[in-house]
Amino acid sequence: MRRLYVRIYLATLAALAAVVLLCAIAWQAIQLQPGGRELLFRMHSDALNLHLDGLGLLALIALAVGVAMYPLARRLTRQVEALAAGVDRFGAGDLAARVSVSGDDEVARLGRSFNAMADRVTGLIDAHRRLLANASHELRSPLTRIQMALVLHDTTPDAALLHGIRQDCAEIDAHIEEILLASKLDTVGVVLGESVDLAVVVAEESARLGIDFDVVPAAVPGDTRLLRRAIRNLLENALKHGRSGVEAQVRVAPSGSRVVQVLDRGPGIVEDERERVFEPFHRPANASETGTGWGLGLALVRQISTQHGGNVRCLPRDSGGCIFELVLPPPDN
């Protein structure tokens, strides 16, 4: 970094020296011309014949400019030094490292960009840490059940034990698929390159699960596979936790937004838990250790809705139950 400062400072002094040299050459060229000496004499004084006072004045100007340039060059290099130090600390594993930013020049804008990038990377790393910690906890339960079932099957073969092992393997496979998809959404994002009719997706998924539905055409720009996954997760979550009275609706709001609602008649969710159910592997406070948590299904719904510029929320339903509402923006006209 000091080499950068030296290069800036020397480049400034070299430019000043070049100006002095060019002035001296021009001075000499004028003096060699016929009548040039008299011209220079009339312009200044007899001392110009020796070029001392003129060169001295230029040298004084060069010195003054050089001194004035020092704090400017030093300020610039100090900001770059601080930015480089912050990058080095962050690269060494200090995820809390940030650079102080002042002013609005190019270096300040670069510092702000670094801080924003560091915040984003830190958020992704923290999210992945939580995801891995929760995933390891969730995967441990079916693996434990498989181990116990294998021990029991060795002593007393039973078709029901094999069926349970297959179900646990399917649960593990589903968890792994959800983890990979969540990681992909965090790092790659979504390309909204096609038009998807939510009515078609909701009708197909509802019919597959035997759920009543009421839909109207509602096209949105997005990824068909991901939107189908989000709607499927909402429907399966309603069947799993809502138990009965599950139905799906698609409508177009007066603002043009596309609204998908999945309604159930389950026990409902208390207000304090309605936002937390969208956290990965959230387990309600009153749930037992072996009870069923929320897994990654609703967390994926939120990720997918956010990637499509929308949102999802949980609302209470009159006379009991829940309404999971997915809202997506309309196509650009």
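**Helices, a patch and a salt bridge**

Guide: Let's start with Ile25, which sits in helix H1 (residues 2-32); a helix here is a DSSP run of H or I with at least four residues, numbered from the N terminus. The model is predicted, with local features needing pLDDT of at least 70 and side-chain atom pairs 80 or more, while totals for chains, interfaces and linings use all residues. Residues count from 1 along each chain as its sequence is written, and side-chain values use heavy atoms, without hydrogens and water.

Visitor: What makes Leu21, Leu22 and Ile25 a nonpolar patch?

Guide: Together they have about 320 Å² of accessible area (Shrake-Rupley, 1.4 Å probe, protein chains shown as cover). Patch members need over 30% relative accessible area, no salt bridge and, for nonpolar side chains, joining within 5 Å, so Leu21, Leu22 and Ile25 meet these terms.

Visitor: Why is the Arg145 and Asp168 pair called a salt bridge?

Guide: The closest N and O atoms are 2.9 Å apart. The limit is 4 Å from a Lys or Arg side-chain nitrogen to an Asp or Glu carboxyl oxygen, so the pair qualifies. Arg145 lies in helix H4 (residues 106-155) and Asp168 in helix H5 (residues 159-187), 23 residues apart. The whole structure has twelve salt bridges.

Visitor: How do helices H7 and H8 cross?

Guide: The axes of H7 (residues 224-242) and H8 (residues 297-307) come within 9 Å and cross at roughly 145 degrees, on a 0 to 180 degrees scale between N-to-C directions, with lines fitted to C-alpha atoms over the stretch in contact. Contact (heavy atoms within 4.5 Å) involves residues including Leu226 and Asn237 of H7 and Ile304 of H8.

Key: Helix = DSSP H or I, 4+ residues; strand = E, 2+ residues; numbered from the N terminus. Patch = residues over 30% accessible without salt bridge, like charges linked within 9 Å, V, L, I, M, F, W, Y side chains within 5 Å.
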